[in-house]
Amino acid sequence: MIAEIGHFALVLALCVAVVQAVIPLVGAKRGMGSWMAVAGPASALQFLLIAIAFGALTNAYVTSDFSVMNVAQNSHTDKPMLYKVAGVWSNHEGSLLLWITILALFGYAVTLFGRNLPPGLKSRALAVQAMISVGFLLFILLTSNPFARLEPPPVNGNGLNPMLQDPGLAFHPPFLYLGYVGFSMAFSFAIAALLEGRVDAAWARWVRPWTLAAWVFLTCGIVLGSWWAYYTLGWGGWWYWDPVENASFMPWLAGTALLHSTVVVEKRDALKSWTILLAIVAFGFSLLGTFLVRSGVLTSVHAFATDPARGVFILMLLVLAVGGSFILYAMRAPAMKMGGLFAPVSREGALLLNNVLMATGAATVLLGTLYPLIADALNLGKVSVGPPFFNAVFLPLMAPMVMVMAVAPMMAWKRGDLAGVLDRLKFVAAAALAAGVLVWFLQGGSAGPWWTGAGFALATWLSLGTLIDLAERIRLFQAPAEALGRAIRLPRSAWGMVLAHFGVAVFIVGLTASAAWTTEHIQSQKLGETVMVGGFGVTLKSVEDVPGPNYTASRATFDISRDGESVGVMQPEKRTYRMPPRPTTTAAIRSGMTGDLYVVIGDADPKGGYVTRLYFNPCIPWLWAGGALLVIGGLVSLADRRHRVGAPARAAERRVAA
Amino acid sequence: MSPALFSPHSEPRSVSKGRPAFGIPVLAMLLALASPALAVNPDEMMKDPAQEHRARELGKDLRCLVCQNQSIDDSDADLAKDLRVIVRERIGAGDTDDMVRKFVVDRYGDYVLLKPPFKGTTLVLWLGPFALFVGALAVVFGFYRRRRTATIQPPPPPLSADERRRLDALLKESGK
């Protein structure tokens with residue numbers, strides 16, 4: 001019964017979304033206030049209905065209602081409660097419902113926080129938001145009903161893939177979707193602005209915080225996913241340039257570009273039409289990502305053929321949304337007024353260069369991801385595009401960007417003084433060079449890869465450059481006594497920028513070190529035998545069977561010593577789940593500033609030992625620290641008073657008062 | 001993606017046991033690929049660490065043909081194991097890295113290389129990113145130029161005789 005309520009709520013939500021997509025738009029066109037006012041209550045009602053549907057599915061999972069097919073296929077009574085709830089989005093139908101729920105939440109947020117928005121802009125944006133809703137509600141109702149019943153219901157469910165039975169499942173997909181769908185906000189407002197034919201600072205002041213919020217969520221989702229892969233996969237990798245990963249990385253790149261170009265729109269009233277285009281592209285990439293993952297066209301051509309309805313439907317949705325937006329853009333953007341002027345060498349110019357590099361990066365990832373498909377379609381033969389390609393092409397594009405990242409914040413708006421900025425950075429350049437050379441010698445010259453020196457030099461350049469910029473802003477060297485006061489009064493958005501840029505530098509250290517200097521020892525290890533890994537002595541003490549809630553683990557105990565002294569115990573597990581009967585590994589990780597000791601236990605060896613995989617992954621925690629700094633920087637910037645929602649109205653009032 | 005693929009009873013089509021096709025986002029798919037009988041095993045490794053290191057470096061760039069975008073080093077599929085053994089046999093026989101790579105490509109085609117070779121059919125792939133970058137810079141350059149010409153306004157036409165008379169009159173008036 002509850003499942004049917006959920007299904008019915010989705011149908012009602014579709015009706016409401018259709019109304020919300022049409023009436024406010026007509027109202028805005030004809031200037032009818034009452035028609036425009038429909039958008040607000042409609043978005044609230046839509047969210048309520050979709051939340052009911054989401055609640056109904058969650059209820060079916062929590063109560064293990066196996067008469068619902070989706071639950072029977074993906075759940076089991078033995079599963080811990082956390083994975084019953086997270087199991088809701090562990091599958092196609094449920095994750096789509098999560099997507100739609102978040103979309104409706106964002107729509108409702110416009111109504112909730114957007115009281116001060118110009119009514120025309122608001123009603124148009126809500127109408128666009130509702131159009132996206134209509135598309136996805138039709139998709140779920142016509143091809144992917146999560147509430148389909150099973151007759152007769154099975155005694156128990158098939159269970160969840162053990163690989164997914166991890167706290168990561170509870171957090172990674174929701175954050176990722178909050179990011180993906182969050183870009184719909186920028187998209188809806190971009191389309192609304194095109195319909196109105198006007199982009200002003202009030203527009204940017206609304207779009208900027210929401211883009212920032214979406215970016216924070218997406219960053220968080222990607223970092224969590226990488227971390228999850230790192231500790232679960234059992235050999236210390238954290239990024240694979242897999243199509244599905246690329247699907248999340250492309251919107252991130254476009255979103256990062258958008259984040260920086262909205263700054264220019266807000267502060268300088270320039271780059272307006274480019275920003276609109278980026279907003280469309282960022283959400284377009286989100287839709288493309290959804291298409292690539294949902295249709296299975298990349299992971300397996302056969303999966304596409306087994307259920308063509310879904311793939312074709314979402315492809316049509318993609319073509320309609322992105323194609324329609326581009327046509328509208330081509331028609332309306334040229335008429336948009338040119339904004340503030342700036343010289344190529346200026347803060348705006350540097351941000352534009354950032355945008356060019358980010359956009360090229362996103363296009364590169366897109367090309368590499370789709371190329372096997374394109375080559376296949378054009379009969380150019382079967383091609384594989386894997387990590388070695390992306391590393392060879394994408395990373396060189398990012399190097400100049402990191403160089404610009406240290407320079408740009410020091411540049412003045414409108415017309416900058418490049419020679420002056422470089423003069424202020426000359427010690428930083430020297431330090432970067434020294435760091436690169438030092439690292440090169442420490443690794444024993446050509447005993448390590450050639451690019452380690454470059455990586456550390458870039459990280460030093462960016463981190464010190466960012467700190468120098470901060471020191472100058474608070475006049476640390478000129479007036480140290482007042483520096484603290486200045487630091488406190490520095491706008492939070494400036495602090496956010498400093499934290500995030502510094503985070504990128506920290507990230508580069510982790511990336512370079514872990515890619516270059518990971519050590520690996522794979523062997524058959526007997527009980528009592530010691531293997532030296534990264535300066536640690538790793539001794540296998542015992543292996544015993546330990547029962548878990550829905551699995552049996554064989555747990556190994558390793559003694560870890562350093563310079564002959566015991567520093568602790570590590571206990572990796574190999575688990576065998578009961579339902580579905582599948583094995584997983586749980587690595588034991590000992591983290592430190594210099595890196596992670598990573599220990600995995602494998603099968604018993606006929607000769608009386610156990611296969612053990614022992615790794616030392618240098619500087620891996622720096623990756624997570626860098627990612628965390630990006631997220632914290634985003635949050636701090638979001639806390640800036642000027643970014644708070646409602647600020648447009650205050651600015652407008654002030655203008656009236658003046 | 002069909003829900004059947006989630007069912008543990010159905011064998012994923014065309015996909016090795018190493019990496020089932022999967023429906024939840026991003027890394028979840030990757031998580032599904034790993035199983036503890038992980039990839040390179042001690043019994044297949046070469047005695048000489050330097051040779052084993054070469055084998056690992058080569059293995060990173062070779063694709064497990066029945067998996068999705070996985071290198072033979074990361075896959076536990078039987079075919080990946082066969083390829084790992086072949087690579088080590090060739091190294092043991094004294095082949096250089098290029099000879100080993102050629103040996104494998106001759107038998108399995110370019111598809112086996114995770115880094116596609118630079119040739120006619122991959123020209124777009126390899127040069128595309130740089131062409132895009134140069135193209136984008138050209139667009140930005142054009143934007144700056146248009147800007148500059150748009151801001152330099154043509155000089156106003158000289159005053160007509162009538163206007164000059166009125167100006168003189170005004171100046172004379174204010175001069176009083």
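**Exercise 1.** In which sense do β1(A) and strand β10 of chain A pair, and over how many bridges?

*Solution.* This is a predicted model, in which local features need pLDDT of at least 70, side-chain atom pairs count only at pLDDT 80 or more, and totals for chains, interfaces and linings use all residues. Residues are numbered from 1 along each chain as its sequence is written, while chains are lettered from A and ligands numbered from 1 in the order in which they are written.

Step 1: strands (E, at least two residues) and helices (H or I, at least four) are DSSP runs, numbered from the N terminus; two strands pair if DSSP finds at least two bridges between them.
Step 2: β1(A) and β10(A), residues 610-618, are joined by seven bridges in the antiparallel sense.
Step 3: within this pair, Ile522(A) lies opposite Arg613(A) of β10(A).

**Exercise 2.** Which residue takes a positive phi in the hairpin of β2(A) and β3(A)?

*Solution.* Step 1: β2(A) (530-533) and β3(A) (536-547) run antiparallel, joined by four bridges.
Step 1: Thr530(A) has Thr539(A) as its bridge partner in β3(A).
Step 2: two residues lie between the strands, and Gly534(A) has the positive phi, near 50°.
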